[in-house]
Amino acid sequence: MVYNDYMITKRAILYVRASTSEVRQSNSHDIQLRAINEFAERHNYEIVNRFQEYASGTLDERPKFNAALQYAEENDCFIISYRVDRLS
């Protein structure tokens, strides 16, 4: 966290996932990114990294999700996602 005279800025990464392909969900990532960035700005989060993928939530192996978890733990930052089901 960064402290200044007016507010606390929290470090965060964003995670964006759509279940199918970019062709079938062409604007899904854009919608999620816009909402996450607006949330981060309103609540004083500094986005330090982003992870995006097209993968079903039923898959045990989602490389970008696993990388996001590892990065968040190693760099002591929050993960922000569009909805909780994007993490499952």
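Guide: First, a term: two strands pair if DSSP finds at least two bridges between them. Also keep in mind that this is a predicted model.

Visitor: Fine. How many bridges join β2 to β4, then?
Guide: There are 4, and the two strands run parallel. β4 covers residues 78–81.

Visitor: Is β2 itself largely enclosed or open?
Guide: Largely enclosed by the rest of the structure, because 9 of its 11 residues are buried. The strand runs over residues 8–18.

Visitor: Which residues of α1 are buried?
Guide: Ser28, His29, Gln32, Leu33, Ile36 and Ala40. Seen down the helix axis, they fall within an arc of 115 degrees, so they line one face of α1.

Visitor: What covers them?
Guide: The cover includes β2, β3 and β4. Turned away from that buried side are the exposed residues Glu41 and Arg42.

Visitor: Ser28 is on your buried list. What is its relative accessible area?
Guide: 15%. The cut-off for buried is under 20%, so serine 28 counts as buried. Its side chain also makes a polar contact of 3.0 Å with the side chain of glutamine 32.

Visitor: What happens just after α1?
Guide: Asparagine 44 takes a positive phi there, about 60 degrees. Just after α2, aspartate 76 also has a positive phi, about 50 degrees.

Visitor: How far does α2 reach from its first C-alpha to its last?
Guide: 18 Å, close to the 18 Å expected for its 13 residues, 63–75. The buried residues of α2 are Phe65, Ala68 and Ala72. They cover an arc of only 55 degrees around the axis, which puts them on the same side of α2.

Visitor: Which strands do those pack against?
Guide: β2, β3 and β4. On the face turned away, α2 carries the exposed residues Pro63, Glu73 and Glu74.

Visitor: Now the core. Which residues make up the largest nonpolar one?
Guide: Ala12, Leu14, Val16, Leu33, Ile36, Ala40, Tyr45 and Ile80, 8 residues in all. The elements giving two or more residues to this core are β2 and α1.

Visitor: Why would such side chains sit together?
Guide: In soluble globular proteins, nonpolar side chains tend to be buried together.

Visitor: Take valine 16. Leaving aside neighbours within four places in sequence, what is in contact with it?
Guide: His29, Gln32, Leu33 and Ile36 are among its contacts.

Visitor: What does the second core include?
Guide: That one is separate and has 7 residues, including Tyr15, Phe51, Phe65 and Ala72. Phe65 and Ala72 are also among the buried residues of α2.

Note on methods: Residues numbered from 1 in each chain as written. Predicted model: local features only at pLDDT ≥ 70, side-chain atom pairs only at ≥ 80, totals over all residues. Heavy atoms only, no water. Buried < 20%, exposed > 50% of the residue type's maximum accessible area, 1.4 Å probe, protein only. Arc of directions from axis to C-beta. Contact = heavy atoms within 4.5 Å. Polar contact = N/O pair within 3.5 Å; in protein donor to acceptor, adjacent residues only side chain to side chain. Expected span 1.5 Å × (residues − 1). Core = buried A, V, L, I, M, F, W, Y, C linked by side-chain atoms within 4.5 Å.
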